[in-house]
Amino acid sequence: KPHKFWETQPVGQFKDIGDTSLPEGPIEAATPLSEVKQEPYNLPAAYEWTTCDMKSDYVCSEVYNLLRNNYVEDDENMFRFNYSKEFLTWALRPPGYYPSWHIGVRAKTSKKLVAFISGVPARIRVRDDVVKMAEINFLCVHKKLRSKRLAPVMIKEVTRRVHLENIWQAAYTAGVVLPTPVATCQYWHRTLNPKKLIDVGFSRLGARMTMSRTIKLYKLQDAPVTPGFRKMEPCDVPAVTRLLRSYLSQFLVATDFDENDVEHWLLPREDVVDSYLVESPETHDVTDFCSFYTLPSTILGNPNYTTLKAAYSYYNVATKTTFLQLMNDALIVAKQKGFDVFNALDVMHNESFLKELKFGPGDGQLHYYLYNYRLRSALKPSELGLVLL
Ligand SMILES: COc1cccc(CC(=N)NC(=O)c2cccnc2OC2CCNCC2)c1
């Protein structure tokens, strides 16, 4: 029976879909910390819990290698996410992070890391309610240990450790349908390096298209066209925070960024996250912002290439420049930096540029979930202002 585990959890249940009598908001009340289970859940006898100290280069390498060999693959098993060590350090150590939420499972005898799950704190607004949540990510069980039912006990353990910090809600995404998506998003890809994408099987040559015609179709200028378009710098944090907060206020569910968050999540970090803004040459106001993160994928079983260099659209705001021109400048700098493809979800106002800028629809969907928080009905992707890594 599918979803045996999720039917035991405080999440929207399929049977409740359409039942508008159920109130929106937390499904279960917070409990006193003394009532939270004090000791870890039981693992199968051969395994033990470990807390992964992401400040340790050695442990960070263990997590990196576990994910590189066992994390999410595309539906055709041609690519596997290959988050870098620098990316994982950034993603897992935001302001106010809890080391205890970086949870590993080791084989008792070999001490090998065989599974991982993580949480980081985030303030997420749901309508007018700003809720302290855990963003759960990087759930990974070694390929050789699948269907040992390790994932449910890892989810229960990270939930227990989140409860110990008096946090009762969480947000997560998955490529699979679980009870019950708060939004279902489509992903899109914009070709930057057509020859490589076709060689590795990521894209196919269009009907009645030659390779040279395809290269011409996706050609971009070699520099951004918007006057005042430049990399974000530390002194821009207050202005970018104002711009982002104002933009995100229109979505029903969105990240509630403050300056501290913007400094961590959006200041450029080489090979991790890139952020650009438009500073008006006349007024010196910051009028527009775009950002993307670096998430390469290992190419499985191709003799000529090992890595697909992919940029993932992050947060973007256009108030003076057209969204089209701003995102086209993002494509231009991504191409300049050697990315092969630029990926985006149809969240926020992204739909308005996807087709025009020659994005093609991906072959999958990304479902967003909230834990212990009911929404009366699912959101459209355009009502969602939240991008998870
Ligand atoms: C191209 O290499 C891939 C390697 C593994 C999986 C996929 C397909 C896929 N599942 N893509 C996405 O989930 C995706 C597509 C567009 C934008 N963001 C995405 O996922 C992000 C956000 C959720 N956590 C993973 C990264 C592609």
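Predicted model: local features only at pLDDT ≥ 70, side-chain atom pairs only at ≥ 80, totals over all residues.
Does Glu 157 count as buried or exposed, and what is its relative accessibility? Glu 157 counts as buried, because its relative accessibility is 0%, and the limit for that class is under 20%.

Let me begin with the chain as a whole. The secondary structure of the protein chain amounts to 9 helices and 18 strands. Its radius of gyration is 21 Å, close to the 21 Å given by the globule rule for 389 residues, so the chain is as compact as a globular protein of that length. The C-alpha trace spans about 60 × 50 × 45 Å along its principal axes.

Of the 389 residues, 54% are buried. The protein chain exposes about 17900 Å², and carbon and sulfur atoms supply 52% of that area. If we consider contacts between residues at least 6 apart in sequence, 75% of them join residues at least 24 apart. As for charge, the chain has 47 positive and 44 negative charges, and their mean positions are 7 Å apart.

The largest nonpolar core has 100 residues, of which Tyr 314, Phe 342 and Tyr 368 touch the most other members. Helix 8, residues 323–336, contributes the largest share of this core, with 8 residues. A second, separate core has 31 residues, including Leu 43, Ile 117, Ala 134 and Leu 145.

Tyr 368 deserves a moment of attention. Beyond its neighbours within four places in sequence, its contacts include Tyr 172, Pro 181, Cys 185, Leu 345 and Leu 388. Strand 17, residues 359–371, also holds Gln 365. Gln 365 is partly exposed, with a relative accessible area of 38%. Apart from neighbours within four places in sequence, Gln 365 is in contact with Ala 174, Gly 175, Thr 184, Cys 185, Gln 186 and Tyr 187. Between Gln 365 and Lys 309 there are 56 residues of separation in sequence and 21 Å in space, C-alpha to C-alpha.

Let us go back to the opening residue. Glu 157 is placed in helix 3, residues 150–163. Setting aside residues up to four places away in sequence, Glu 157 touches Pro 40, Tyr 41, Trp 49 and Ile 103. Another glutamate to consider is Glu 62, in helix 1, residues 57–70. Glu 62 counts as buried, at 16% relative accessibility. Its contacts, leaving aside neighbours within four places in sequence, are Arg 106, Lys 111 and Leu 113.

Most residues other than glycine have a negative phi, and most peptide bonds are trans. Thr 180 lies in the loop between strand 6, residues 169–174, and strand 7, residues 183–191.

Two residues other than glycine with a positive phi may also be pointed out. Arg 149 has a phi near 60° and is located in the loop between strand 5, residues 129–141, and helix 3. Arg 149 is exposed, with a relative accessible area of 55%. Asn 166 has a phi of about 65° and belongs to the loop between helix 3 and strand 6. Asn 166 is partly exposed, with a relative accessible area of 47%.

Key. Residues numbered from 1 in each chain as written. Heavy atoms only, no water. Helix = DSSP H or I, 4+ residues; strand = E, 2+ residues; numbered from the N terminus. Rg over C-alpha atoms; globule rule 2.2 N^0.38 Å. Buried < 20%, exposed > 50% of the residue type's maximum accessible area, 1.4 Å probe, protein only. Contact = heavy atoms within 4.5 Å. Areas by Shrake-Rupley, 256 points an atom, 1.4 Å probe, with all protein chains shown as cover. Lys, Arg positive; Asp, Glu negative; His and termini not counted. Charge placed at Lys NZ, Arg CZ, Asp CG, Glu CD. Core = buried A, V, L, I, M, F, W, Y, C linked by side-chain atoms within 4.5 Å.
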